Amino acid sequence: MAEQVRIAVVGPFSGPRSAWGELLRRSARQFTEPSLVWELHDDRGDAECGVLRAGDVTDDGGYAAVIGHFNSAGAEGALPLYRRAGLPVVLPLATRPGLLAGSGGGALRWCPDDLGQLRAIAAAAAGHGLARLLVGHDDSDYGRHLAALFTALPAPPLALSALPSPWKPRAGDAVAVCGTHVGVAGVVRGLRRAGFDGRLFATDDCSVGEFAELVGTAGRDVHVTRLAGGPERRVEAAFTALAGALSGDPAARGERLLARIRAHADAAFTADGELDVSPGTGDGHGWEIRPVRPARPGTRGTGGAPAEVASFDVAVVGAGVVGSAVAAATAAAGARTALIDAGPAVPSATHWSGGIVRAYDPDPEMRALAVRSHQLLWGRSSGHARRYGFRRTGSLVLLGPGDLPEAVRGVVELQAGGIEAELLTVEDIADRWPQLAAGHAAGAVWEPGGGCADPRLTTSEYRRQALATGAQVLDDARVHGLEPHPLGALVRLDGSSVLAHSVVVAAGSGTPALLAERLPAGAGTAEPVTRRIRYGYFDRGGRALPALVDLVTGVWGRPMPEEPGAGTLLVGRPVDEWGVPPGGGTQLTPEQVEYVRDGASTVWPWLREARCLGGRHGTDLYRKDGPLLGVVPGEPWTVVAACWSGGGFKTAPAAAESAAEKVLANLRRQGRISA
C-alpha cells in the first residue's frame with residue numbers, strides 16, 4: 001500500500017463562521033482517496049487562532065501542504081510560518097488585498113482580492129441609477145477594514161460616504177454593509193426596522209445560505225457580492241489542483257509541489273502566487289452581484305423559530321472528555337458527527353475533574369472500563385500518553401479490611417490485562433512513602449503505571465482528533481430537549497435544531513433532565529443524583545508523591561505538575577451536599593478549606609501546616625447501581641454514557657469506545673456507514 005500523504009486543511013469548522021468551513025470540509029470528503037489524508041484544523045475564523053493552528057501544523061512536521069486559511073488576517077500571520085517550514089499553501093478564499101505581495105512564491109491564491117468586489121458593488125449601484133452609496137459595517141475588525149477600503153476607492157462611479165449615525169433615509173440612497181454574515185444580517189434587520197426600504201448590498205462573507213436564514217424577511221432587495229461562479233467553485237478548483245498534483249507525484253514537496261499545483265490549476269498565477277485576473281472578466285474583476293434568495297420554508301428566520309439545520313449521522317451531546325472521545329471515534333469511522341458543546345457557561349464535570357488515572361476500582365464494572373482504558377491510552381508509550389496530558393506518578397489505593405477480598409481479585413484482573421499491580425501491606429507503604437500516614441488502612445493496591453492527567457488537555461486532544469477527521473463542533477449550543485424523530489432524534493438548541501440518526505448523551509449532570517424517565521434501567525432502578533465535589537491546592541514542599549485514593553476515609557490527592565496549581569497537591573474530601581445544580585467555581589471559603597485540610601491530614605500529616613494556594617468545586621452525577629452506559633430502551637438510536645460517581649475520568653477512553661461502537665453499529669444496520 002502506498003504511503004499516505006497528509007494535507008492540513010485550516011478553516012472555521014466551529015464558531016459563527018463555520019458555514020464557510022463547511023465548504024472546505026465538503027471538498028475534503030469529495031477528494032478523499034487512500035493515498036491522501038485531509039486533516040482539519042479549526043481556527044474558528046479568528047486571526048490569532050489561525051496563527052496558533054499554523055504553529056500546530058508546522059510543529060507537526062508531517063504535512064505535505066496546507067489548504068486554507070479562510071480568514072485573511074489569520075493567513076497573513078500564518079504565511080511566514082509556512083514559508084519558513086517550506087510548506088506550500090493553497091488559499092481558496094482569503095481575499096485581503098496585497099496578501100502575497102512581494103512574497104516571491106510559497107502560496108497560490110485562487111480568488112481575486114477585495115478591491116474587485118468593492119468596485120463591483122459600486123458599479124452595480126451606479127448601474128441602477130443610484131446617486132449615493134453609503135458604506136457601513138458590522139463593527140467587526142473585518143467589516144471596519146473593508147469599509148475603510150471601500151470609502152478610499154479612487155474614482156468610483158458614484159458618490160461614496162460612510163454611513164452616518166444616527167442614520168437618516170434619503171431618496172436615491174443605497175447602502176453597502178461590510179462584515180461577517182452574522183453581523184451584516186443584524187445591521188440589515190436594523191436598517192429595515194429604522195425605515196430604510198431601499199437597495200442594500202452585502203459583502204462576500206454573506207454569500208452563504210445561512211445569511212438568508214439570518215436576515216429573514218428583511219432580505220428583500222438585498223444583493224450579495226460573491227466570487228464569480230460561487231465560492232464553492234473556487235474551493236473545489238483549489239482541491240482539484242492540489243489533489244491532482246499529489247496523486248501524480250506523492251513525493252513532491254516544496255517548490256516542486258508548487259510547480260505541479262500550478263500545472264494542474266484551472267487558472268494562471270503571478271510570480272507571487274496571486275490569481276492572474278483577466279481584464280476580459282469585466283468590471284467585477286472576478287466578482288458578481290446576486291440577489292439574496294429567500295430562506296427555505298422551515299428554516300430559521302427573524303422570528304427566531306426553531307429550524308432543522310443540516311442533519312448528521314451522530315450528534316454527541318456533551319463535550320467533556322467522554323463526549324469528545326466519542327466524537328473522535330465516530331468521525332474517524334466515517335460518520336458525519338456533531339459535537340455539541342454548551343460552552344463556558346455550562347462547564348462539564350471534566351472541567352473540574354481531579355484527573356486521577358488508575359486501573360483498579362473496587363467496582364468490577366468500573367474496573368473493567370479502567371483496565372480497557374489503560375490498554376487504549378493510559379498504558380501506551382509515555383510520548384503518546386503525554387499528548388493527552390498524562391503523567392506517570394504511580395497510583396496508590398488505600399484499602400479497608402472489607403476491601404481486601406475484592407482487591408485480591410482486582411489485582412489478578414489487572415495483571416491478566418497486562419498492567420503491573422501489587423498488594424502492599426501497611427508496612428510496605430510506610431517504607432516506600434514515609435511522608436504518608438496509612439495506619440488506618442489494611443493495605444493498598446499499587447500501580448506503578450498509574451498517575452494523573454490534565455483533564456483539559458486530554459479533552460482538547462480528543463477534540464482535535466474529532467475536528468481533524470471531519471467532526472463539527474457546535475459551540476455555545478445550549479440543549480433544550482431531545483425528541484424522537486422518524487429518522488432518529490431531534491436535538492433542540494437555542495433557535496435551531498440538529499437532526500441526527502444516532503445520538504450519544506454524555507452530558508454529565510445534565511443527563512437526567514434530557515432523558516428523564518427514558519434513562520435505561522438495565523443496571524438497576526436507583527435514580528441518579530448530583531453531588532458537590534470540592535478540593536484545594538496545598539503546597540507540597542517539593543515532595544515526590546503518588547496519586548492516591550483512600551477508600552477508608554474517602555479523601556484523595558494528586559501532585560499537580562500543570563497550571564493551575566503547579567507544584568501543589570490537589571486534595572479532595574467528600575462533601576455531603578446532594579441534589580445541587582450543575583456547575584462549579586474557583587473559590588472556597590476558609591471553612592471549606594479547613595474541612596478539606598482536616599480530612600486530608602489523616603493521610604498527609606504535613607498538610608496541617610501547608611499553605612493552601614486556592615481551590616475549586618464542581619458537580620458529579622452519582623448512582624448507586626453503577627454507571628449508565630448503553631442504549632436507551634425502545635430507542636436504538638440513543639446511547640447514554642453518564643453517572644460515573646466521581647471516578648469516570650480514568651475510564652473515559654473505554655466508555656467512549658463502548659458508546660461509539662453502539663451508535664456505529666446502529667448506523668451500519670441502517671447502511672449509513674460501511675461495515
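## Helix H9 and its surroundings

In this predicted model, the buried residues of helix H9 pack against several elements, namely strand S3 (63-67), strand S4 (89-91), strand S5 (107-109) and helix H8 (231-248). Helix H9 itself spans residues 254-264, and its buried residues are Gly254, Leu257, Leu258 and Ile261. These residues lie on the same side of H9, because they cover an arc of only 100° around the axis. An α-helix has 3.6 residues a turn, so residues three or four places apart point the same way.

On the face of H9 that is turned away from the buried side, the residues Glu255 and Ala263 are exposed.

## Strands S12 and S13

Strand S13 covers residues 337-340, with Thr337 and Leu339 pointing one way and Ala338 and Ile340 pointing the other way, and all of these residues are buried. Strand S12, made of residues 312-317, runs parallel to S13 and is joined to it by 4 bridges. Within this pairing, isoleucine 340 of S13 is the bridge partner of valine 317.

Val408, Val412 and Leu423 make a nonpolar surface patch of about 240 Å². One of these residues, leucine 423, belongs to strand S17, which comprises residues 422-424. Leucine 423 counts as partly exposed because its relative accessibility is 36%, a value that falls between the limits of under 20% for buried and over 50% for exposed.

How values were computed: Residues are numbered from 1 along each chain as its sequence is written. This is a predicted model: local features need pLDDT of at least 70, side-chain atom pairs count only at pLDDT 80 or more; totals for chains, interfaces and linings use all residues. Side-chain values use heavy atoms; hydrogens and water are left out. Buried means under 20% relative accessible area, exposed over 50%, partly exposed in between (1.4 Å probe, protein chains only). Helices (H or I, at least four residues) and strands (E, at least two) are DSSP runs, numbered from the N terminus. The arc is that of the directions from the helix axis to the C-beta atoms. Contact means heavy atoms within 4.5 Å. Patches are made of residues with over 30% relative accessible area and no salt bridge: like charges are joined within 9 Å, nonpolar side chains (Val, Leu, Ile, Met, Phe, Trp, Tyr) within 5 Å. Accessible areas come from the Shrake-Rupley method with a 1.4 Å probe; for residues, only the protein chains shown count as cover. A salt bridge is a side-chain nitrogen of Lys or Arg within 4 Å of a carboxyl oxygen of Asp or Glu. Two strands pair if DSSP finds at least two bridges between them.
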